[in-house]
Amino acid sequence: MDLQALKTILLVRDLGSLAAAARALDLDASNVSRTVSAIERELGQRLFQRSTRKLSLTEAGEAYLQRVAPLVEEIEAANEDIAARSQQPRGTLRMTASVAFVLEGIVPLLPVFHDRYPDISVELFPSDSNLDLLAEGLDLAIRLAAAPKGDLISTKLLQTHYRVVASQDYLEREGRPEAPGDLSARNCLCFALPDFRNAWRFRLGDDAPFDVEVSGRTTISSALALREAARLGLGPALLADWLIASDLKDGRLVDLFPDHTCAPANFETAAWILYPSRAYLPLKVRVMIDFLKTEFGRSGN
């Protein structure tokens with residue numbers, strides 16, 4: 001039993017099917033099936049229950065792979081550390097994130113990344129839809145959510161925080177709301193997502209959180225366009241701190257409730273790095289993950 005075989009069965013576990021693992025490895029499904037069968041014969045135990053429609057781990061398979069996975073990951077890391085001493089990571093790295101996060105979070109870091117890793121080419125796919133990593137041939141994604149869902153491996157990049165902001169022109173024209181509840185009577189700028197559209201959540205210190213119903217004549221599906229509308233004085237908006245940091249610093253936008261914690265519906269929203277499998281993590285992907293976590297960590301998130 002070799003390392004490649006173990007990585008193959010871990011990929012089958014992570015992706016949930018022989019066919020998906022075969023596509024990721026650019027192999028025939030029959031080759032992957034033979035690898036799994038050979039390991040099962042060597043162990044004398046069936047690791048997967050297979051049918052025409054479903055593949056699932058057996059009890060023995062789950063116990064075995066839980067113990068094997070960290071060992072394989074550690075061997076891979078050791079191998080890559082040794083390889084990194086004699087060669088630079090190289091290749092094309094394909095990643096996706098929301099349009100706003102690519103523009104505000106990723107693109108400004110590319111000059112530093114390219115200086116550090118000149119043999120890695122980066123292809124960015126900005127999209128406000130959740131692209132399928134395997135179907136689109138993507139190495140990793142960054143998604144903002146309360147918690148990652150699905151079978152992808154995840155690691156937290158940064159905890160996101162939100163602020164309710166408005167332009168100085170708007171405040172001079174309409175007056176500053178004294179409390180979050182005053183927003184119910186305002187023409188707010190709404191983000192066209194269910195968690196953002198109808199109510200915003202607030203908390204003052206250790207007090208219990210409370211929701212404020214919001215509405216407005218303008219609803220926008222783009223975070224960048226929503227920020228621009230707030231800059232133009234069209235109303236208060238709930239926006240992520242990473243998107244408006246420079247606006248708050250420059251005074252283009254004003255934090256209306258600096259003493260309150262704000263959120264769309266959940267205070268635990270974060271930006272997550274997602275990738276298909278721990279068993280197959282090329283060096284180019286590993287260095288990008290480490291780079292992003294280091295750079296965003298500088299801001300204290």
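Throughout this tour, a residue is called buried under 20% relative accessible area, exposed over 50%, and partly exposed in between, with a 1.4 Å probe and protein chains only. The model is predicted, so local features need pLDDT of at least 70 and side-chain atom pairs count only at pLDDT 80 or more, while totals for chains, interfaces and linings use all residues. Residues are numbered from 1 along each chain as its sequence is written, and side-chain values use heavy atoms, with hydrogens and water left out.

**First stop: charged pairs**

Select Arg-50 and Glu-40. Their side chains form a salt bridge with an N to O distance of 3.1 Å; the term denotes a side-chain nitrogen of Lys or Arg within 4 Å of a carboxyl oxygen of Asp or Glu. Arg-50 belongs to strand β1 (residues 48-50) and Glu-40 to helix α3 (residues 29-43), so the pair ties together parts that are 10 residues apart in sequence. Helices (H or I, at least four residues) and strands (E, at least two) are DSSP runs, numbered from the N terminus. Arg-50 is partly exposed at 31% relative accessibility, whereas Glu-40 is buried at 8%.

Next, select Asp-119 and Arg-90, whose salt bridge has its closest N and O atoms 3.6 Å apart. Asp-119 sits in the loop between α6 (110-116) and β4 (120-126), and Arg-90 in the loop between α4 (59-86) and β3 (91-97), so that this pair links distant parts of the chain, 29 residues apart. Asp-119 has a relative accessible area of 34% and is partly exposed.

Then move to Arg-252 and Asp-250, which meet in a salt bridge at 3.7 Å, N to O. These two belong to one network, in which salt bridges that share partners join Glu-228, Arg-231, Asp-247, Asp-250 and Arg-252. Asp-250 is exposed at 52% relative accessibility; Arg-252, at 38%, is partly exposed. In total, the structure holds 12 salt bridges.

**Second stop: Thr-58**

Select Thr-58, in the loop between β2 (55-57) and α4. Is this residue buried or exposed? At 11% relative accessibility, Thr-58 is buried. Leaving aside residues up to four places away in sequence, Thr-58 touches Arg-46, Leu-47, Phe-48 and Gln-49, where contact means heavy atoms within 4.5 Å. The Thr-58 side chain also reaches the backbone nitrogen of Gly-61 at 2.9 Å.

Select residues 223-231, which make up helix α10; its buried residues are Ala-223, Leu-224, Leu-226, Arg-227, Ala-229 and Ala-230. Show the elements that cover these buried residues, among them α5 (99-106), β8 (189-191), β11 (218-220), β12 and α11. At the start of α10, a side-chain oxygen of Ser-222 comes to within 3.3 Å of the backbone nitrogen of Leu-224. After α10 comes Gly-233, with a positive phi near 85°.

Key: A polar contact is a pair of N or O atoms within 3.5 Å; within protein, one must be able to donate a hydrogen and the other to accept it, and residues adjacent in sequence count only if both atoms are side-chain atoms.
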